[in-house]
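Hi everyone, thanks for coming.

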Amino acid sequence: MTRNVVVIGYGMAGARVAEEIRRRDADGSRVTLTVLGSEPYPAYNRVLLSGVVAGTMSTDSVWLHDSEWAKENDVDLRLGTTVDRIDRAARRIELADGSIVDYDALVLATGAAPWMPPVEGLTTETGEVAPGVVAFRSLGDCERILDAAKVGAPVAVLGGGLLGLEAARGLAGRGNLVTVVHPVGHLMERQLDAEGGRVLAETLRGLGIEFRLGATAARYLPGDGLKLDDGSYVQADLVVVSAGVRADTALAREAGLAVDRGVLVDDSLRTSDGRVFAIGDCAQHPGTVSGLVQPAWEQAAVVADLVTGENTAARYRGTPVVTRLKARGVDLAAFGDTETAGAEVLSVSDSTRGRYAKLLVREEKVAGAIVLGLPDAAANLTQLYDRGARLPEDKLALLLGRALPGPDAAGTPSVNPANLPASAVVCRCNSVTKGRLVEQWRAGATDLPALAAATRATTGCGGCADAVRGIAGWLAETS
Ligand SMILES: Cc1cc2nc3c(=O)[nH]c(=O)nc-3n(C[C@H](O)[C@H](O)[C@H](O)COP(=O)(O)OP(=O)(O)OC[C@H]3O[C@@H](n4cnc5c(N)ncnc54)[C@H](O)[C@@H]3O)c2cc1C
């Protein structure tokens, strides 16, 4: 007998869980699959929207599925369809158009929505975003930003976190005069310490971005700009709001599911109702920092195992995430602990060259790191962190990207593909290891597109493309 599985939300998590279900149940003999998404177009890679704003990527390159995907995979996909209510007792959901869909298992993948800070003028009296103001979350937002940001026009970005800075860098690269307004004294305070934030701001200033740090917007004056709480003004034809997101939990809350910051889930991604799962940005798992794609995709695989019965023991145990800033001319990675108490701490700062690295060591292993402007050090430290490997004697050399942590390394940097162990994670978004790439290369996937198709490596943020190309090149030379 087939089970009715319904997925609410056709974003990065919803699209992936549907794919994973069909990977396990290709002929639909176990699962009848319905996917409902509010947005009017096929699922797209939200991570790449920064590249669209920057002009390094076209909107054509962000699609996760083409228009034939649903038909080819026997999925009842309904676009532009919003779910209004979940009736858990009757095991059915109500759509905005009044229709009803029954389920045996329900997957919530409703994502998150941008948070609008309570600044006078940003929203209208009816609660709509005011003209001249755009959030930065969806493809629609991206199109609105590009329509409004005429070349040379002044733009204010509210929020100096990861996405705000990606938007700022993209718009500055397009020739806009960008000012970032951030209420904290340094940038990206969730990931960086004060010195890292200072060096990053200096690097970005060199790329033409201005900052008002430790300042709060008090009022938006349409056509004029922002008045700040210190009485000063930031001139802006457009205000891009990137002040954080809030998990979209309204449906779950109204249905009586347990909700905190997100919909609470256990290791099987079940909510407080065993028939209802939640994944991605709307879910709150104890071991996860939400808001990133890698956890969402790992969770999707676990839910697919469970609802198809492929592996009823599958569990999600959390994801050690690495945050990377995707901004041309800036190489920044941050991961692990930021709490220095009880840790050995090493740092180097060379702000005139935009370089800063800080390493937190516990029990001779990487506990956390911030690495700016030192890509080799970032690659080495990330590998050591992933593997939980013991650090070499000369940790300072490691911070400068000169250390040799590869297992068989003797004089060559560990970013050399030969020195990576098979277990090294090359594509974080899709958890693809070097071993899997080698296996698929030997099976005939000998270039980047073929490796991407076989393993999905490079199809998330795309930051691993050079590493995957490097592995393909190394295999071609040595085989
Ligand atoms: C510009 C940008 C850059 C990013 N960069 C990175 C990065 O470099 N690395 C990284 O890991 N992450 C990044 N992220 C975050 C990443 O995109 C999210 O973690 C990911 O999209 C989460 O997937 P999701 O499916 O949970 O949510 P979403 O992708 O937001 O999808 C949720 C979907 O559910 C739909 N929905 C909501 N409610 C309903 C309803 N009631 N009925 C029907 N449909 C509904 C929404 O319309 C939406 O389409 C970035 C995000 C943005 C905006």
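Predicted model: local features only at pLDDT ≥ 70, side-chain atom pairs only at ≥ 80, totals over all residues.

Residues are numbered from 1 along each chain as its sequence is written, and side-chain values use heavy atoms, with hydrogens and water left out.

So, helix H12, residues 448-455; helices here are DSSP runs of H or I with at least four residues, strands are E runs of at least two, and both are numbered from the N terminus. Its buried residues are Leu451, Ala452 and Thr455. Buried means under 20% relative accessible area, exposed over 50%, and partly exposed in between, with a 1.4 Å probe and protein chains only. Down the axis of H12, the buried residues fall within an arc of 100 degrees, so they line one face; that arc is taken from the directions from the helix axis to the C-beta atoms. Pro449 and Ala453 are exposed on the face turned away from the buried side.

What caps the N-terminal end of H12? Asp447 does, with a side-chain oxygen 3.0 Å from the backbone nitrogen of Ala450. Just after H12, Arg456 has a positive phi of about 75 degrees.

Now the salt bridges: a side-chain nitrogen of Lys or Arg within 4 Å of a carboxyl oxygen of Asp or Glu. The count comes to 32. One of them pairs Arg85 with Glu94, at 2.7 Å between the closest N and O atoms.

Terms used:
Polar contact = N/O pair within 3.5 Å; in protein donor to acceptor, adjacent residues only side chain to side chain.
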